[in-house]
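Thanks, everyone. Two residues today, one after the other. Have a look at the structure first.

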Amino acid sequence: MNIALIQIPKIEDTRGNLSVIENDILPFEFKRVYYLYDIPSAAERGGHSHIKQKEFLIALSGSFDVILNNGLQQQTVTLNKPYEGLLINEGIWRELNNFSSGSVCLVIASAVYEESDYIRDFNAFLRSKK
Ligand code: TYD
């Protein structure tokens, strides 16, 4: 599976912790940041793969599951720490579910939004792997 859990540097302080992401902890230069919030608990997000784009997902608050598929295998990763992120390289189908109340998913992406980089049909994704 072309994914990795990456620890985000954490500066601990009795006044509250601080984590920082600079380009050196990621294998790509980031071009865009977006975030999911106000997510109903039964919601499912994702449901696509990217042709070129890489993404780094962080549960800034709360928790959720990321179900990953590389065309051969499926794996579920639970994100629930603001100091740990999931790198999803290109060519990986992802679905997000099981969002806790008040959860926030931050996504750092290697490219600006471009619909032509998405594969949104699972069968088309499987065909792209052959
Ligand atoms: P989508 O990427 O499908 O959301 P998710 O995978 O998190 O469930 O995007 C949902 C909608 O938002 C879709 O119509 C495209 C739009 N969108 C943008 O306009 N810009 C963006 O940067 C993103 C991520 C989505």
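The backbone nitrogen of glutamine 73 sits 2.7 Å from a polar atom in the side chain of asparagine 70. The backbone nitrogen of leucine 72 is 2.9 Å from a polar atom of that asparagine 70 side chain.

A word on the source: this is a predicted model, where local features need pLDDT of at least 70, side-chain atom pairs count only at pLDDT 80 or more, and totals for chains, interfaces and linings use all residues. Numbering runs from 1 along each chain as its sequence is written, and side-chain values use heavy atoms, with hydrogens and water left out.

So where is asparagine 70? In the loop between strand S7 (64–69) and strand S8 (74–79). Strands here are DSSP runs of E, at least two residues, numbered from the N terminus.

Why does asparagine 70 count as buried? Because its relative accessibility is 15%, and buried means under 20% relative accessible area with a 1.4 Å probe, protein chains only.

Leaving out residues up to four places away in sequence, asparagine 70 touches Met1, Ile92, Phe125 and Lys129. Contact means heavy atoms within 4.5 Å.

Next, arginine 32. It lies in strand S4, residues 32–36. Arginine 32 is buried, yet has no salt bridge. That term needs a side-chain nitrogen of Lys or Arg within 4 Å of a carboxyl oxygen of Asp or Glu. The nearest side chain of opposite charge is glutamate 55, 4.3 Å away.

What does the arginine 32 side chain join through a polar contact of 2.7 Å? The side chain of glutamine 53. A polar contact is a pair of N or O atoms within 3.5 Å; within protein, one must be able to donate a hydrogen and the other to accept it, and residues adjacent in sequence count only if both atoms are side-chain atoms.

Notes:
Helix = DSSP H or I, 4+ residues; strand = E, 2+ residues; numbered from the N terminus. Buried < 20%, exposed > 50% of the residue type's maximum accessible area, 1.4 Å probe, protein only. Lys, Arg positive; Asp, Glu negative; His and termini not counted.
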